Amino acid sequence: MLPPASERFTAVESRLREVMEAYNYAEVRTPIAERTELFARSIGETTDIVEKEMYTFDDRDGSSLTLRPEGTASVVRAAVEAGLAQRDQALKLYYLGPMFRRERPQKGRYRQFHQVGAELIGRDDPMADAEMIALLMDCLEAAGAKDVELVLNSLGDRACRPPYRAALADYGRAHQDGLCPNCRLRIDRNPLRLLDCKEEDCRRTMAGAPSISEYLCDECRAHFAEVQRVLAASGVRFTTSARLVRGLDYYVRTAFEVLGGGLGAQNAVGGGGRYDGLVAALGGPPVAGVGFAVGLERVIMAAGETASDHHPEVFVIPLGEGASLAAFELARSLRRTGVRCELEAGGRSIKSAMRRADKLGARYAVILGDEELQAGRATLRDMRRQADHRLALRLGGGGSELAEAIRELGAVGG
Ligand code: HAM
């Protein structure tokens, strides 16, 4: 990834970090590769990710390693290993970095992509789900993602989901002829995924399938209603869809996705949900968890084009041999105080140097000529106003005095 794309990335990442920190989340950094078993156990053996999309390889000692396809499993593993999941206080962690899935690449879908995600471990109340969703929406707003649409569902829990799964499998078996070969395999292995197939026939067939909303137990129903009540009260707009299932098996109760406008087929900019039971499944205490991740590439696409803000504040132009040392010193002195500064290589005409300053979008140009320097002067040109300022040098005309003179003019920060 090259500039300016890389710079936009970094800018969005740092905005998201600020939002995470405002919600009092602290960063966790987990390894790029983990034992394969971790993902199989947490994401689910029968998910597309685990069945088809993982980059898995044998280490030299024969153990199987996998490039992380997502962050939640690693974060929970790390928290369990460090004994953090046991504490009285909820654990609030965020992460960002590359993830790997061997999907068919297309617009918005890559084999290496980047997520920013958050995990809240140790809270099972609906307010925690609402906080997570609010955090997700605030992240998207801070990143400038436009036309986003939040969709919520409840997937039930260990009590009420199994009967729903069975009902869905029954429905699938009874309507096999209307399903694609892939979905026919899913009937017994992972019937919830029948609701997520993009094939037109499958969609039509599944339109008449039973809905999870008819199967939720009282606790799940109350939990979901409370999440919605809190979100609505705090002005977060959403719709609900009983067809929203996620591509990872660890979810219970609340699941959510945010769709971005104008992104085509790969339109989920972020998603997440509650995963009570995952911490215990990975060897920790029986504590609840909820989290989300956004796909940075998609968030940036949803934000649309913005002008690059990579412009030098000052462009330093030495004219003549003698001026190049002073120019080098001036540039270094400005840079050391954080002023973004570009130094023109010597030996060009003033005309071509000014053209370059213009092209780079520099705010100011400093022109250092041999004769001027000897006379203890230099010129600062305000590129926007097309106005020149004379800079007087007090001492020998070194870079730091010049930098000082520029700062006294109030031209640059630092
Ligand atoms: P996920 O929905 O699989 O959830 O991924 C989250 C986001 O990552 C997606 O909404 C999408 O924006 C982005 N994404 C996924 N695959 C690709 C790809 N191949 N290319 C580009 N972007 C992609 C999770 O990963 C869960 N770990 C989220 C979570 C955290 N749930 C609880 N805590």
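Domain bounds, as used here, come from an automatic or database domain assignment. The model is predicted: local features need pLDDT of at least 70, side-chain atom pairs count only at pLDDT 80 or more, and totals for chains, interfaces and linings use all residues. Residues are numbered from 1 along each chain as its sequence is written, and side-chain values use heavy atoms, with hydrogens and water left out.

Begin with the domains. Select residues 5-160 together with 216-303 for domain 1, then 314-410 for domain 2. The C-alpha centres of domain 1 and domain 2 are 50 Å apart.

Next, select helix 11, residues 296-303. Helices (H or I, at least four residues) and strands (E, at least two) are DSSP runs, numbered from the N terminus. Seven of the eight residues of helix 11 are buried, that is, under 20% relative accessible area with a 1.4 Å probe and protein chains only (exposed is over 50%, partly exposed in between). Among them are Leu296, Val299 and Ile300. To see what the buried residues pack against, display helix 1 (5-22), strand 6 (112-121), helix 5 (126-142), strand 10 and strand 11 (289-295); contact here means heavy atoms within 4.5 Å. After helix 11 comes Gly304, with a positive phi near 75 degrees.

Finally, select Arg274 in strand 10 (residues 268-274). Arg274 counts as buried because its relative accessibility is 0%. Its side chain makes a polar contact with the side chain of Asp276 at 2.7 Å. A polar contact is a pair of N or O atoms within 3.5 Å; within protein, one must be able to donate a hydrogen and the other to accept it, and residues adjacent in sequence count only if both atoms are side-chain atoms. The Arg274 side chain also reaches the backbone oxygen of Asp125 at 3.5 Å.
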